Amino acid sequence: MNERTAIVTRTTSETDIRVKWNLDGHGSGALQTGIPFLDHMLALFAKHGMFDLEVMCKGDLEIDAHHSVEDIGICLGQALDKALGKKDGIVRFAHSYFPMDETLARVAIDLSGRPYLVYRVQVERERVGDLDSELVEEFWKAVVTHGRLNVHIELLYGRNAHHIFESIFKAAARALSIATRIDPRMQGVPSTKGVL
């Protein structure tokens, strides 16, 4: 297995999840979350981040999507942290703007080892497809906390909720793709502390 690939499983009374994430992939996604709009967002994330991503989830969707969305975020964060290992040679931080029609989103990422999320996004629709809009923030909170990274997600402007979320996931994919790349000039971890 590629050393920058991680597999994470999580089984609770609410969800049963398996995630496989190859940071040095080709943009392929095998996604079965039970939530089609989330599958769509993760497919965009894999494609534009050049990640190979597999996410399989069986969750208690008869209640709602909250447990599945949050637990998928937890597993993705753990997989990211595991795949990065000691973080030797990574670029570490990056940002990306993504325009989609009337919408512009900005995402900045630092793989600092210190989890912190700033989420400045407001949408008027409570639901997009089969996903509650408020669960997008919960997803990113889980990724950030368990991936141990600092992420700032901002909607600069936009009206269409689908466009807003799509621009966020694409910007996040591009920023994370850059931040996780190996810079051959970097010796060890990219920190004057010597550890991330």
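Partly exposed residues sit between two cut-offs: buried means under 20% relative accessible area and exposed means over 50% (1.4 Å probe, protein chains only). With that in hand, K141 is partly exposed, at a relative accessible area of 36%. The model you are looking at is predicted, so local features need pLDDT of at least 70 and side-chain atom pairs count only at pLDDT 80 or more, while totals for chains, interfaces and linings use all residues. Residues are numbered from 1 along each chain as its sequence is written, and side-chain values use heavy atoms, with hydrogens and water left out. Helices (H or I, at least four residues) and strands (E, at least two) are DSSP runs, numbered from the N terminus.

**The sheet β1-β2-β4-β3**

- Here 4 strands make an open sheet with mixed pairing, in the order β1-β2-β4-β3; two strands pair if DSSP finds at least two bridges between them.
- At the edges are β1 (5–11) and β3 (29–32), each of which pairs on one side only.
- Neighbouring strands of this sheet are turned by 5 degrees against each other on average, direction ignored; axes are lines fitted to C-alpha atoms, for helices over the stretch in contact, and angles run from 0 to 180 degrees between N-to-C directions.
- Strands β1 and β2 run antiparallel and are joined by 7 bridges, and a hairpin connects β1 to β2 through 3 residues.
- A6 has W21 in β2 as its bridge partner.
- Strand β2 (residues 15–22) also pairs with strand β4 (residues 52–59), in the antiparallel sense and over 8 bridges.
- Along that pairing, V19 stands opposite V55 in β4, and K20 stands opposite E54 in β4.
- Helix α1 (residues 36–49) lies across β2, β3 and β4 and runs at about 165 degrees to β3; contact means heavy atoms within 4.5 Å.

**The sheet β5-β6-β10-β7**

- Another open sheet of 4 strands has the order β5-β6-β10-β7, and its pairing is mixed.
- Because β5 (93–100) and β7 (116–120) stand at the edges with a single partner strand each, one side of each is left without a neighbour in the sheet.
- From one strand to the next, the twist averages 10 degrees.
- Strands β7 and β10 run parallel, joined by 5 bridges, and V118 has H152 in β10 as its bridge partner.
- Helix α3 (residues 134–147) packs on this sheet and touches β7 and β10, its direction making about 160 degrees with that of β7.

**Salt bridges**

- The whole structure holds 11 salt bridges, each being a side-chain nitrogen of Lys or Arg within 4 Å of a carboxyl oxygen of Asp or Glu.
- E54 forms one of them with R18, with the closest N and O atoms 3.3 Å apart.
- This pair links distant parts of the chain, since E54 is in strand β4 and R18 in strand β2, 36 residues apart.
- E54 is partly exposed at 30% relative accessible area, and R18 is partly exposed at 34%.
- D81 forms a salt bridge with R148, the closest N and O atoms being 3.2 Å apart.
- D81 lies in helix α2 (residues 66–84) and R148 in the loop between α3 and β10, so the pair ties together parts that are 67 residues apart in sequence.
- R148 counts as partly exposed, at 29% relative accessibility.
- The side chains of E138 and K141 meet in a salt bridge (3.5 Å, N to O).
- Both E138 and K141 lie in helix α3, 3 residues apart, about one turn of the helix, and E138 is partly exposed at 23% relative accessible area.

**A buried isoleucine**

- I164 is found in helix α4 (residues 161–180) and counts as buried, at 1% relative accessibility.
- Leaving aside neighbours within four places in sequence, I164 is in contact with T103, V121, Q122, V123, L155, G158 and R159.
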